[in-house]
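Biologist: Can you walk me through this one? I'd like to go helix by helix, then salt bridges.

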Amino acid sequence: MNLPPTISPEHCDRYWDDADWIPPWYILDLWCQNNERCRQAKQQALLSACERGEVDYRRSDCKTFDDPVHELAARGLLMIGRASFSAWATRLDGKSPLSSTQKPTSPPRRPAWADNAWSPKLAVLVTDATSPMPAPVPIDAEADDSKKIEDATPRPRIAHSPPAVPSSAIIEAFQIRTTETENAAWWDQRMRDAKRYGLLDARMAKGRLQTPSYWRPDLIALWLCEKNHLSAKAAKRIVAHQFPDWADTLDYLDD
């Protein structure tokens, strides 16, 4: 009987070059070889960088970031963002242990919703920088006296009215789940029950029949940071790339 040829693990390592998310053990294998003392030191440095928001990370089981980074690593659930890790490692060591293979890039396409973007009439907020920010007033009927106490985190002040964006643009920009189907379902649940999930402040207009809801992407990004679904650095990068008109409102976030 002819047996199939044995494939060594090293033969498949080249496929990691095409992965945007990488497990810590692979990074440490390249970074430290068989030096256990080096491995322990760099592992702790990497996990600390994740906690500080210097390196992007996610869970491999697609659940929310309820658990500490160290616990995710111990359970084998931690995945590291290639681009942010390489940038951090280069600042630390002068180079990254990961392959520097560059994928071809093209200018971002203009989303279809931008041609017909609806802009709410937002009041110009003129307040002293040291005074607390008044809570935004939602324009739909769900904001009543029974609403829970507002979160103490100050909301971004804006002196102009960038266009609010439809639900589809938010779902496409903020990929919280691995697949498009899972991500759309995750967002649909929260957008439909915005009051329960604390998203009322971010919604500028509630959808009716065939009309979509419209949202402030900066407050969506802030909510994702508060819920530990994204790091501040990742949230600011997404807003700057996908919704540049709103990027300045997140400058106060610490990277």
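Modeller: Here are some notes on helices and salt bridges. This is a predicted model, where local features need pLDDT of at least 70, side-chain atom pairs count only at pLDDT 80 or more, and totals for chains, interfaces and linings use all residues. Residues are numbered from 1 along each chain as its sequence is written, and side-chain values use heavy atoms, with hydrogens and water left out.

Biologist: Which residues of α4 are buried?

Modeller: R82, S84, F85, S86, W88 and A89. Buried means under 20% relative accessible area, exposed over 50%, partly exposed in between (1.4 Å probe, protein chains only). Helices are DSSP runs of H or I, at least four residues, and strands are runs of E, at least two, numbered from the N terminus.

Biologist: And what covers them?

Modeller: The cover includes β1 (21-22), α1 (24-32), α2 (36-52) and β3 (78-81). Contact here means heavy atoms within 4.5 Å.

Biologist: What comes after α4?

Modeller: G94, with a positive phi near 90°.

Biologist: New topic. Which residues meet between α6 and α8?

Modeller: W186, W187 and R190 of α6 meet I220, W223 and L224 of α8.

Biologist: How many salt bridges are there?

Modeller: Eight. The rule is a side-chain nitrogen of Lys or Arg within 4 Å of a carboxyl oxygen of Asp or Glu. One of them joins R216 and D218, with closest N and O atoms 2.6 Å apart.

Biologist: Is that pair buried or exposed?

Modeller: R216 and D218 are both buried. R52 also bridges E54, at 2.8 Å. R52 is partly exposed because its relative accessibility is 46%.
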